[in-house]
Amino acid sequence: RKLLKEHPDIDGVFTHNDEMAIGALRAAAEAGIRVPEQLSLAGFDSIETGRYLSPALTTVEQPRREITDALVGELLAALADPDHHRFVSIACRQVVRESA
């Protein structure tokens, strides 16, 4: 609400997670701002609820299984070798729905 009030010219919001995006969607509706016509909105983490909203929430989906597998592999490697250090990057996927 504060962001929308203090920056009436804002035309897009990307939130830390989908739950915050749901709150932003409600705040926009209460302020009479139409999503996506006046404000594009996206969240992060692809919770199931997002697909059932109106408009359906655009989000970034994390490959949870791949992240878990990499985490376990790195943990086991670190337990076997305390000097083991490796940067692991796992790509996320944008899921475009109606809100953006």
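This is a predicted model: local features need pLDDT of at least 70, side-chain atom pairs count only at pLDDT 80 or more; totals for chains, interfaces and linings use all residues.

Modeller: Happy to! Residues are numbered from 1 along each chain as its sequence is written, and side-chain values use heavy atoms, with hydrogens and water left out.

As for confidence, pLDDT is the predictor's own score for each residue, from 0 to 100. The protein averages 95, and 100% of its residues reach 70 or more. Of its elements, β2 has the highest mean (97) and helix α1 (residues 2-6) the lowest (90).

Now to the helix itself. At its start, a side-chain oxygen of N17 comes to within 3.1 Å of the backbone nitrogen of E19. The 13 residues of α2 span 18 Å from first C-alpha to last, close to the 18 Å expected at 1.5 Å a residue; that expectation is 1.5 Å times one less than the number of residues. After the helix comes G32, with a positive phi near 75 degrees.

Buried here means under 20% relative accessible area, exposed over 50% and partly exposed in between, with a 1.4 Å probe and protein chains only. D18, A21, A24, L25, A27 and A28 are the buried residues of the helix. They lie on the same side of α2, because they take up an arc of only 165 degrees around its axis, judged by the directions from the axis to the C-beta atoms. E19, R26 and A29 are exposed on the other side. The cover over the buried residues includes α1, β2 and β3, counting as contact any heavy atoms within 4.5 Å.

That brings us to the largest nonpolar core, a set of eleven residues: L4, V13, A21, A24, L25, A27, A28, V35, L39, L41 and L57. Helix α2 supplies the largest share of this core, five residues. Such a core is made of buried Ala, Val, Leu, Ile, Met, Phe, Trp, Tyr and Cys residues joined through side-chain atoms within 4.5 Å. V13, one of its members, touches L3, L39, S40, L41 and A42 when neighbours within four places in sequence are set aside. G12, in strand β1 (residues 12-14), touches L39 and S40, again leaving out residues up to four places away. G12 counts as partly exposed, because its relative accessibility is 35%.

Finally, look beyond β2, in the loop that runs from there to β3 (59-61) and holds P55. S54 and P55 are joined by a cis peptide bond, with omega about 5 degrees. This loop also holds D45, which has a positive phi of about 125 degrees although it is not a glycine. D45 is buried, at 16% relative accessible area.

Definitions and conventions: Helices (H or I, at least four residues) and strands (E, at least two) are DSSP runs, numbered from the N terminus. A polar contact is a pair of N or O atoms within 3.5 Å; within protein, one must be able to donate a hydrogen and the other to accept it, and residues adjacent in sequence count only if both atoms are side-chain atoms.
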